Amino acid sequence: MRVCLIGCVFLLFGCESDAGAGGDAGIEDGGQLPDADTCDSVECECDTDDDCGEHELCDTTSGPGRLCVCAPAYEDRGSGCEFAGAPLAPGFDEAAPWTTFGGAVLDPTATGSDDPGEVTWSGNAICDRSGALQTFAMPPYDRAEPLAFQVTYRGDSDAYEARPQLAFNEHWVRLPRRSSFFTQTICLGEAGFDGDVEFRIDGHSGFCPASDEADGLVVDRFEVVRAEDAELECPAPGFVLDGDFEGDGTAWSPIGDASVQDGVGQNETRAARLQTTTLCVPAFMTGVASLPVSTSMPNQAFRFFWKGTTGRVLQVQAADGFVADLTASGEETVSTVCLPPHSQGLARAITFALPIINGPCSDADSRDFVVDTVEVVSEVECGDDPYLLDGDFELAVTGTVPGSWSFGGGGPRGTVGVVTGNAQSGDASLHFTAQQTCAFLSARATIVTPKPDPTGGPALKYFYRVDDNPETSLESRPGNGPLPEGAAGYVEETVCLDPMLATQPQELVFTMQRVGPCDVTFPEEEAFIDNVRVATDAACPSE
């Protein structure tokens with residue numbers, strides 16, 4: 001350090017002397033003298049991370065020079081930087097690195113599947129938004145190798161659908177229910193890299209147990225591993241694994257009559273083919289897409305080539321939820337479908353499916369679809385709302401991308417869908433009609449619960465219009481019960497959301513229904529919903 005200071009002072013004095021003598025010493029008139037580079041007097045290994053080896057960073061904080069050091073979560077074990085694992089105490093055999101909250105219990109001595117340590121949710125703890133979390137420094141994506149996370153867990157199938165849900169810096173994924181110990185492995189997305197990452201694991205269930213003694217959920221291990229060790233191939237953020245189907249076919253998982261075939265895709269290349277010949281036949285093809293965080297790529301969407309049987313439907317799903325229904329024209333088509341905000345930041349399953357049609361399973365039902373060239377793109381029409389996609393229902397009328405709401409019911413008892421006109425503002429609104437008992441009409445989307453802020457707690461807001469409808473009721477879930485009727489125009493409704501669910505996705509459902517003996521008709525009744533938003537409100541609790 002002493003040598004550096006002497007060298008820097010000498011350099012400054014020397015430059016100042018030359019300038020006073022009338023020479024510019026390489027400095028333009030009126031310019032500032034540059035600070036001396038530490039590396040002029042102390043040996044440095046690097047100027048940028050690119051000057052360093054694999055899994056290394058250029059460190060400017062640990063000494064007078066710039067040194068190449070192992071990236072976070074890596075350590076040099078004698079042959080270069082190797083992944084050392086993450087987070088701390090992944091088997092819960094030590095309590096100190098973890099913070100538990102709510103009814104979740106961490107027991108370092110309990111034996112779950114094989115080794116000591118586990119986190120449990122018993123009884124109503126599965127429903128009280130409880131869990132465990134830890135913050136751990138992770139490497140930048142471009143200095144790491146492909147990584148995956150593994151979770152070993154089981155739920156109590158006899159009582160309710162207990163399952164874990166995980167978050168990486170508030171980007172959530174919900175795992176499937178398992179009644180015996182099972183290890184789920186998923187590629188780690190962009191939200192799990194680059195700096196301090198909060199690893200969080202919560203319990204979740206759609207149904208709460210009646211007994212506080214019920215053993216609802218056990219998580220035995222939660223760790224990050226090398227994808228290669230887990231025998232996974234992981235796509236980079238912004239890419240679909242084998243999106244052109246030109247690989248060996250192992251990146252995509254078929255269910256039913258689905259496969260990757262030669263010569264059927266765009267320009268007669270390899271592509272996914274989904275077919276049915278009779279009712280009750282499934283045809284699904286599932287792959288993996290790594291979706292960036294919104295700051296890396298806003299307005300995210302899937303774009304793909306497809307063709308199918310005229311008038312029949314191809315369904316697109318991602319992040320365990322509905323994305324879009326597309327009706328085939330019989331012609332080759334390239335479509336763009338918007339992705340909901342909750343899907344971003346992690347590696348997600350993407351599924352193309354022919355919806356299962358109920359009926360006599362021997363009845364003929366011929367459908368033939370091809371999907372090819374699947375990619376992740378930024379589509380400005382998708383917007384950048386962080387909580388809800390297409391809350392004003394305008395996507396369905398733009399003609400650029402399809403709407404993003406899933407509809408159920410319909411048929412002779414009533415209808416549900418997006419229509420033009422009768423909007424609270426804009427061009428489109430959600431429209432329900434019913435004219436027969438046993439009608440149950442629904443429109444579904446996924447919302448993300450916002451964090452409380454100084455203006456109030458999280459809230460769902462929307463406008464509705466219901467005339468006097470004596471036979472039917474309209475409501476939302478989450479909601480405040482059946483909506484009052486008889487207003488002359490649109491009325492705004494505010495529904496307070498649970499602040500304990502902040503950052504988490506949840507399903508929003510609007511329903512119009514009429515219960516009673518089926519097939520009893522009545523004069524048609526209708527209702528409208530428009531301008532659905534998720535925000536904060538002073539009337540809603542913050543904790």
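How much space lies in the largest pocket? In this predicted model, the largest pocket holds about 1,000 Å³ of space. Its lining is made up of 41 residues, and those closest to its centre are Arg174, His204, Pro505, Gln506 and Glu507. Several strands contribute to this lining: S10 (163-168), S11, S13, S22 (321-327), S29 (439-448) and S33 (505-514) each supply at least two residues. Strand S33 gives the largest share, with four residues. Sorted by class, the lining of the largest pocket contains 20 nonpolar, twelve polar and nine charged residues.

The second largest pocket comes next. About 720 Å³ of space lies in it. Its lining counts 40 residues, of which Pro341, Gln344, Asp385, Pro386 and Tyr387 are the closest to the centre. Strand S11, helix H2 (395-398) and strand S34 (521-537) each provide at least two residues of this lining. The largest share, three residues, belongs to S34. By class, the second largest pocket is lined by 17 nonpolar, 13 polar and ten charged residues. Which residues line the largest cavity? They are Tyr141, Pro146, Leu147, Leu188, Phe193, Cys234 and Pro235. By class, this lining has seven nonpolar residues, with no polar and no charged ones.

Some of the strands named above also belong to a sheet. Five strands form an open sheet in the order S5-S8-S13-S10-S11, and the pairing is antiparallel. Strand S5 (99-101) and strand S11 (171-174) stand at the edges; each has a single partner strand, so one side of each is left without a neighbour in the sheet. On average, neighbouring strands of this sheet are turned by 20° against each other, direction ignored. Strands of a sheet pair through backbone hydrogen bonds, in either a parallel or an antiparallel arrangement. Within this sheet, strand S8 (residues 131-138) and strand S13 (residues 195-204) are joined in the antiparallel sense by eight bridges. Leu133 stands opposite Arg200 in S13.

Another antiparallel pair is formed by strand S6 (residues 105-111) and strand S7, with four bridges between them. Leu106 stands opposite Val119 in S7. Strand S7 (residues 116-122) is mostly covered, with five of its seven residues buried. Leaving out residues up to four places away in sequence, Thr120 touches Gly103, Ala104, Val105, Leu217 and Val218.

The cut-off for an exposed residue is a relative accessible area of over 50%. Pro470 is found in the loop between strand S30 (457-466) and strand S31 (473-477). With a relative accessible area of 71%, Pro470 is exposed. Apart from neighbours within four places in sequence, Pro470 is in contact with Glu485 and Glu525. Pro470 and Phe522 are 52 residues apart in sequence, and their C-alpha atoms are 9.8 Å apart in space.

The other loop residue is Asp47, in the loop between helix H1 (2-20) and strand S1 (56-59). Asp47 has a relative accessible area of 55% and is exposed. Neighbours within four places in sequence aside, Asp47 is in contact with Cys58 and Arg66. Along the chain, Asp47 and Ser406 are 359 residues apart, and 52 Å separates their C-alpha atoms.

Notes
Residues numbered from 1 in each chain as written. Predicted model: local features only at pLDDT ≥ 70, side-chain atom pairs only at ≥ 80, totals over all residues. Heavy atoms only, no water. Buried < 20%, exposed > 50% of the residue type's maximum accessible area, 1.4 Å probe, protein only. Pairing = 2+ DSSP bridges. 1 Å grid on protein atoms, 1.4 Å probe; cavity = no way out; pocket = protein on both sides within 12 Å on 5 of 7 lines; lining within 4 Å. Nonpolar A, V, L, I, M, F, W, Y, C, P; charged D, E, K, R; others polar. Axes fitted to C-alpha atoms, helices over the stretch in contact; angles between N-to-C directions. Contact = heavy atoms within 4.5 Å. Points joined across faces, edges and corners; volume = space filled by probe spheres on them.
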